Amino acid sequence: MVNVVSADLASLPEGGVQPDRILAAIDIGTNSIHMVVARIIPSLPAFTIIEREKETVRLGDRDPITGNLKPAIMEKAIAALQRCQGIARSLNAEQIIAVATSAVREAPNGRDFLKEIESQIGLFVNLISGQEEARRIYLGVLSGMEFNNQPHVIIDIGGGSTELILGDGGEPLSLSSTKIGAVRLTAEFVTTNPISDQEFNYLQAFVRGQLERPIEDVRSHLKATQVIPKLVGTSGTIETLATLLIREKLATVPTTISGYQFSLKNLQEMLHRLRRLSTSERSALPGMSDRRSEIIVAGAIILQEAMTLLGVDTITICDRSLREGVIVDWMLSRGLIEDRLRYHSSVRQRSILKTAQKYQVNLEHSDRVAKFALSLFDQTQGILHNWSSEDRELLWAAAILHNCGHHISHSAHHKHSYYLIRHGELLGYTETEIEIIANLARYHRKSPPKKKHENYYNLPSKQYRRLVSQLSAILRLAVALDRRQIGAIAQIKCEYRQQFQELRLSVTASQSQDDCALEFWSLDYKKALFESEYHLKLVPTLEPIPLTLG
C-alpha cells in the first residue's frame, strides 16, 4: 500500500513525471537496529516501504561500571549494519541515512563507535538528540495517519528512552525524550524472575515519577482547549502488546496492526498476567520473541503509567515511527513535500530564529553578518573552496547565533555561544551539524581553531575540522564588516587575482560620507585566519557609491 504524504502536484517540473527514488533509513536503537527501504514517488509525492530489516543487538547492554558500549556488541552491530548496507544496495538505494539514538548518545565511547562504523564499512551515522528523535517520530506518524487538526499524543517506548509528542498535524506543541526505556529499566531494576512484587511496585513508582514532568508539559498545552487528546503508540514494545491482545481474540494476526486499538483496562490485565510469568514462559507466548520477553514487563509499565497520567482510556497503534520520519525529513529537505507538511520543511531555520530570540540576539546585526557571510561564501565557491549548499546553511545558522553567548556574559562570549548552541536542542539538525554550528560560532573571534581545543578535536573527522577552520574564517570577516552594528556597509564584491595570490574585497558604504574606518580596522585585525586558510592576501578597498545606491 502506498501511503500518500501529500497530493500537491503544482511543484512538478515541466516536461513530465519525476522518476521514483529509492532511499534506505536505519535506526540504531538501544534494543535493535532497524532498517526500512522506501520507494519514493515524487510525482504524488508519496512513499511505500519495499523492505524491512531488523536485528536485536542490545547496544543498551553497556558496561555497568564505565557505561561504555561493549566491544562484542559493537562488533555485532557493525555486522548487522553491513548486512543492511548490502540489502539497501541490492535494491539500488541512492542513499542510506543512518541515525543513532539513546544508547550511543549516552555512552562515553559512543562517538568512537560511530567513527569505527565509518572506518570499517564506510557508513556515516548521524547522532541525533532526544528532541530531534521525537520530532522525526512525529513526522513518521504524520505520514501514516490523519490528525484532522485534533490534538494527539504520540508515545514511543524505546530501549533507552521514551518519547512523548503532542501535536495536531502542524507544529509539534511538545517534544520530550525521557531516560526511561524497556532495556534500561530492566537492566537497572529487575533482578528477579518472575519479577517480585517489591521490584514491580518500585519500578511503577519510578516510572511514574519520571513521566510526571513531560506529561505535565503536555497537559499545560492542552489546558486552554480542555480536550482529551487521542493517544497514538509506536515502537516494538507497544506493537508486541497489541499482538498479544489480538491473539487472545483472533486465530490469526492481521498483516498490519496499524490502526488497532486497545484500552487501558486491556493493558492492565495483560500486564498482570505477564508479571506472573518467567522470561522463558513469556517467550513461549505466541507473538513474543525471546529478546522481547526479557523487557516487555518494563515496557508495559511505562505505557500503563503514561496512559494513567494522561487520563486516556484507549491507545491506537501506528506502524510508522522514527525510520519513516527520517524518510519524510529527507523528502522535506529536498522540496518533495508541499501540502500538509509544508510547515515542517522550514523547521531548521525556525529553530535557529527561535533560539536567537530566546537568547536575545540582535537579529538586525546577525542578519547583516549572515548576509555578508553567505555573499563571501557564494563569491568564492568553486574558486577558493568547494563546500556544499548544506555547509552554506550551517554557516548561516552560525552567523545568526554567533553572538548568543552575550546572554551569559560579554567576557568570552564566543565560548558561551558554543555552549548555548551545543546544548540548545536545535531541531532539524544532527548532533554533528549542531557541533559544527557551535564550533563556527566559537571561532568567530579570538583564538583560531586548534587541535588542543576539545570542542574542535572532537569533531568526527578531519574534513569537518577543515570545514570549521575555513568557514569560521569567512564568518570572522562577515562580523568585521558590521563592526559598528549600524549597517555601515551596503555590499561587497570579491575579485580573485590568482597571479598575485590575493583576493580583492571591494566594499561599498551605505553613506557617502562614511569612510568605514572601524570596519576596515576590524577587517585588518581579523583577516589573518582567512589568509592562512586560503593561502592568499586579502586586500580590502572602499569603493565610491554608485549612483543607483546614492
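Which residue has its charged end over the ring of Phe200, and how far is that end from the ring centre?

Mentor: It is Arg275. Its charged end sits over the ring of Phe200, 3.7 Å from the centre. The term has cut-offs: NZ of Lys or CZ of Arg must lie within 6 Å of the ring centre and within 35 degrees of the ring normal.

Some ground rules come next. This is a predicted model, where local features need pLDDT of at least 70 and side-chain atom pairs count only at pLDDT 80 or more, while totals for chains, interfaces and linings use all residues. Residues are numbered from 1 along each chain as its sequence is written, and side-chain values use heavy atoms, with hydrogens and water left out.

Stay with rings. Rings of Phe, Tyr and Trp (its six-membered ring) pair if their centres lie within 6.5 Å; planes under 30 degrees apart are stacked, over 60 edge-to-face, and the rest tilted. Phe189, Tyr202 and Phe206 are joined into a cluster by such pairs. Across the whole structure, the search finds seven aromatic pairs. One of them is tilted: Tyr138 and Phe147, 6.2 Å centre to centre, with 55° between the planes. Phe530 and Tyr534 also make a tilted pair, with centres 4.7 Å apart and planes at 45°. Those two residues are four apart in helix 19, so about one helical turn separates them. Helices (H or I, at least four residues) and strands (E, at least two) are DSSP runs, numbered from the N terminus.

Buried means under 20% relative accessible area, exposed over 50%, and partly exposed in between (1.4 Å probe, protein chains only). Tyr138 and Phe147 are both buried. Phe530 is buried at 2%, and Tyr534 is buried at 8%.

Helix 19 has another side to show. Tyr525 is in this helix, which covers residues 517–534. Tyr525 is exposed, at 58% relative accessibility. With Leu518 and Trp521, Tyr525 forms a nonpolar surface patch, about 360 Å² of accessible area together. A patch takes residues with over 30% relative accessible area and no salt bridge; like charges are joined within 9 Å, nonpolar side chains (Val, Leu, Ile, Met, Phe, Trp, Tyr) within 5 Å. The areas come from the Shrake-Rupley method with a 1.4 Å probe, and for residues only the protein chains shown count as cover.

Turn to charges. A salt bridge is a side-chain nitrogen of Lys or Arg within 4 Å of a carboxyl oxygen of Asp or Glu. The whole structure has 30 of them. Arg52 and Glu324 make one, with the closest N and O atoms 3.4 Å apart. Arg52 is in strand 4 (residues 46–56) and Glu324 in helix 11 (residues 322–333), so this pair ties together parts that are 272 residues apart in sequence. Arg52 is partly exposed, at 44%. Glu324 is buried, at 0%.

Glu433 and Arg348 meet in another salt bridge, 3.2 Å from N to O. Glu433 is in helix 16 (residues 431–442) and Arg348 in helix 12 (residues 347–358), so parts 85 residues apart in sequence are tied together. Both residues are buried.

Arg422 bridges to Glu435, with the closest N and O atoms 2.6 Å apart. Arg422 lies in helix 15 and Glu435 in helix 16, so the pair ties together parts 13 residues apart in sequence. Arg422 is buried at 13%, and Glu435 is buried at 9%. A network of salt bridges links Arg111, Arg422, Glu431 and Glu435.

What about cysteines? A disulfide is a pair of cysteine sulfur atoms within 2.5 Å. The search of the whole structure finds zero. Cys494 is in none; the nearest cysteine sulfur belongs to Cys516, 16 Å away. Cys494 is buried, at 14%.

Finish with the backbone. The peptide bond from Asn193 to Pro194 is cis, with omega near 0°. Pro194 is in the loop between helix 5 (182–189) and helix 6 (197–222). Asn149 is not a glycine, yet has a positive phi of about 60°. Asn149 is in the loop between helix 4 (130–142) and strand 7 (152–157). Asn149 is exposed, at 64%.
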